[in-house]
Amino acid sequence: MRWVFRLLGLIVLIIIAAIAAVFLLPSDRIAGVVEERFQAATGRALTIEGDVRPSLWPALGVNTGAVSIANADWAGDAPMVAADNLSVSVDIGALIGGEVKINGVTLEAPRIALATDAEGRGNWEMTAPATETSGEATTEATAEATGGIPAFSLDQAVITGGQVTFQDAAGTQIALADIDATFTLPDFAGPATLALTASANGAPVSVDATIPAFSTFLASGGAVTLTAGAGDSSVGFDGQAGLAPLGIDGALNADLSDMAGLFAALAMPAPELPEGLGQNTLTVSTALGFDGTTLTLTGTTANLDTNTITGDLAVALDGPRPRLTGTLNAGDLDISSMGGEETEDAAAEDTGPEGWSTEPIDVSALGTIDTDLTVNANSIRTAQSQIGRTALDIDIDNARMVIGIRELVAYDGAIAGDIVVNGRSGLSASADIAGSAIAISRLSSELLDYDRLVALGDMELSVLGSGNSMDALMNSLNGEGSFSFGAGELLGLDLVGMLRNLDTSFISDASRTIFDSITATFRIVDGVVINDNLTILAPLLTATGEGSIGLGGQTLDYRLVPKLLSDEDDGLSVPLLITGTWDAPRFRLDLESLVQGRVDEEIEEIKDEVDEAIRERVTEELGLTADQPSAEEAVRDKVEEELQRGLRNLFD
C-alpha cells in the first residue's frame, strides 16, 4: 500500500505547493508546474487534461479535470493510473502557519492497472529522485523517517467508482470494480482508518483497517487491525505488520465457509469440498507470521464441519517451489461421506473393457509444492471402514511423493511400509507394505470387491506399476508377495460337498468351506499374479492350487486340487477349475482328470495282478515251496545252473 500513499501524497503536495501561485499564473501554467514537479519526483509523466481551477469557498483548494500517470516502459502505453477528476481542499489557517493540513481529497472514477513482469518487477516501482543539496538531503532523510512520504494530515480522502486490475506475467488477473473507499488520517503520526467496498469479479468484497500509528507503520512497521470479506467469507487480523522490511506477526481468524463467494472474487473455480472437510463449515484460527521468505502458522485450529484439525505449519517461499513442513493432528477424523458409489452411467464412461478406469490420472499438483509433513489421527472413519491409530509421514520432493506408514491400525491388525507416487515423468506408483493379523475379508472387500474369505492373516507385498490411468497401472504391475491365513471360512463354496457328490451346485450364498490355514507365495508379472504353491489345510480335506489371477484384466485361471481325508471316501480328489472374471467366476470339476486318474489306477492294479499271476505260475512250474527262494531268484538260479552245465559240456 505504500506506493498508493506516495502517489496520492505527491500529487496533493505538488498541487498545494502550486496554490500560492494560483492567482498569479494561468491554469495551463499551473498544470505544467504540477506535471514537471511530479515527473521530477517519480520519473513518470503526470498528465492533467483540464483546467486547474482554484477554489476559495467553502475551503481553499483546487480541482482538476482528468488526470493520468504513465505506465512503466515495459507495461504498455495505457496509463497506470487514470481518473476523471481530482479535488483537494486544505486548511488555510494551517497553510499560513507552514503546515500542510488536508481537509479532503476526492478522486472520481480512478482506474488503476497494476502488473508484474517475468522478473517480478511491479509497474508501480518508480525511480527515486537524486539528492543534490544539503537541504534536499534533509528533506529526503525526513521522508525516509516517515516511510518515504512527507508528513501530512488528511481529514478524509474519498474514492468513488474506482477500478483496480492486477495481472502477473503468467496472465493471472484479479479485478476490483465499483470501488468506494474512505481514508482518514487526522494526524500523520496518529491513527489511520480505511473503509472500502468493491466488487471483485462480480463478488462483493470489503476491507476495514485501522493503523494506530501511521508514520511508524510506514517507517518500520506497527500495529494493524484488519477485517476483509469476500461473499460471506471473512478474514480478521490483529497484530504487527510492516512494509519495509515486509513482515507480519499476529492473530488470524478466518471463516471461509462461503468458498463459492471467496473463489468467485479470485476469478477461480471453487473447490468441491466433501462433507467432513469443509463443505458446510470451514473456520481457521492461528498465530500468523511472515518474514518475507517464510510463512508460519503456529497453534493452528481448523474446524472442518464436524472434524477438528490442529497443528503447526511453515511454508518456505525461497526455494524452487513452496515447501510445507509441520505436524497435523486430526483426532477422530470422519470422512465417511467421501468415496460414494459411482453411478452406472459414469462408470460406463470411465472404464475400459476389463473394468478399471481409463480416465487419465492428474498428479500435476505434486509438482507445485514440496512437503515434509507428519499427520496423526486417533481414528479415521471412511465410507467403507473404521481405521484406528494412524501416523503418516508425507514427503513430496519435485513431484515425487512418499507416504511412510509409521503406524496404521486397520482391519483388526497393523500395517506398515511405504507407498510412492512419482509424477516426475508420467506416473508410476509402488508399494512395499506388510500387514499382520489382518481381517482378510474386510481388506479384500475394500481393495478387490471380494468378501468371501473370512480369516485373519499376515501379508507382504512389494509391487511397482506405471501408467497414466488405473487401467494402465493395473496392467503394468510387477512384484512379489506372500500370505499366511489362520483358521477361517471360504464363503459361497462347499468343497467337501462338491467332492462327495461330484456336483458344482454346491456353490451358493449358504455354502462354505471351513479351513485351518492357507499359505502361498506369488509373483506378479505385467499385471498377472502367478502362484504354484497354494496350500489349504482343513478338518475334512487338504488342497493345493496353482494358476494365475489377472489384476489388469480382472480374470481367473486357477486349478484347485482338494482331497477328502475321510476313510469312507477313500481319499477322493477331484480338481476344481476356476475361470472367468472376478464379477462372474465359473467353477468346473475336472472330471477328465478324474477319469484319467481312475484309468491309470486300474491299469496299475491290472499290472500288479498280472505280475502276481506270473510269479505264481513260475513258482508252480519250478516246483518251489514256500520256504524256497522267490520265483525271480529261482529262475535266476536255474538259468545260471543250465549255463554252467552247457559250458562244461562244451569244454569236455
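Helices (H or I, at least four residues) and strands (E, at least two) are DSSP runs, numbered from the N terminus. With that in hand, the tour can start.

This is a predicted model, in which local features need pLDDT of at least 70, side-chain atom pairs count only at pLDDT 80 or more, and totals for chains, interfaces and linings use all residues. Residues are numbered from 1 along each chain as its sequence is written, and side-chain values use heavy atoms, with hydrogens and water left out.

**Stop 1: two asparagines**

Select Asn201. It sits in the loop between strand S11 (192-200) and strand S12 (203-211). Asn201 has a relative accessible area of 33%, so it is partly exposed. The scale is this: buried means under 20% relative accessible area, exposed over 50%, partly exposed in between (1.4 Å probe, protein chains only).

Now go to Asn398. Its phi is near 50°, again a positive value in a residue other than glycine. Asn398 lies in the loop between S24 and S25. Its relative accessible area of 37% makes Asn398 partly exposed.

**Stop 2: salt bridges**

Side chains of opposite charge can pair when their charged atoms come close. Here a salt bridge is a side-chain nitrogen of Lys or Arg within 4 Å of a carboxyl oxygen of Asp or Glu. By this rule there are seven salt bridges.

Select Asp84 and Arg111. Their closest N and O atoms are 3.3 Å apart, in a salt bridge. Asp84 is in the loop between strand S5 (81-83) and strand S6 (85-90), and Arg111 is in strand S8 (residues 111-115), so the pair ties together parts that are 27 residues apart in sequence. Asp84 is partly exposed, at a relative accessible area of 42%. Arg111 is partly exposed too, at 35% relative accessibility.

Next, pick Asp370 and Arg321. Their side chains meet in a salt bridge, 3.1 Å from N to O. Asp370 belongs to strand S21 (residues 370-377) and Arg321 to the loop between strand S18 (307-316) and strand S19 (323-329), so the pair ties together parts that are 49 residues apart in sequence. Are these two residues buried or exposed? Both Asp370 and Arg321 are buried.

Move to Arg389 and Glu407. This salt bridge spans 3.8 Å, N to O. Arg389 is in the loop between strand S23 (386-387) and strand S24 (390-397), with Glu407 in strand S25 (residues 400-410), so the pair ties together parts that are 18 residues apart in sequence. Arg389 is partly exposed, with a relative accessible area of 32%. Glu407 is partly exposed at 34%. Then select Asp117, Glu119 and Arg121: salt bridges that share partners join them into one network.

**Stop 3: the cores**

A nonpolar core is a set of buried Ala, Val, Leu, Ile, Met, Phe, Trp, Tyr and Cys residues joined through side-chain atoms within 4.5 Å. The largest has 78 residues, and Phe515, Ile518, Leu534 and Leu576 have the most contacts inside it. S25 gives the most to this core, with five residues. Another core, of 23 residues, lies apart from it; Leu86, Leu107, Phe152 and Ala192 are among its members.

Centre on Phe515. Contact means heavy atoms within 4.5 Å. Leaving out residues up to four places away in sequence, Phe515 touches residues including Leu453, Gly488, Leu490, Ile536 and Pro539.

**Stop 4: two open sheets**

Two strands pair if DSSP finds at least two bridges between them. Four bridges join strand S31 (residues 488-491) to S32. Which residue stands opposite Leu490? Look for Thr513 in S32.

Now find the sheet S20-S22-S23, an open one of three strands with mixed pairing. Strand S20 (332-334) and S23 each have a single partner strand, so one side of each is left without a neighbour in the sheet. S20 and strand S22 (residues 379-381) run parallel, joined by three bridges. Asp332 stands opposite Ser379 in S22.
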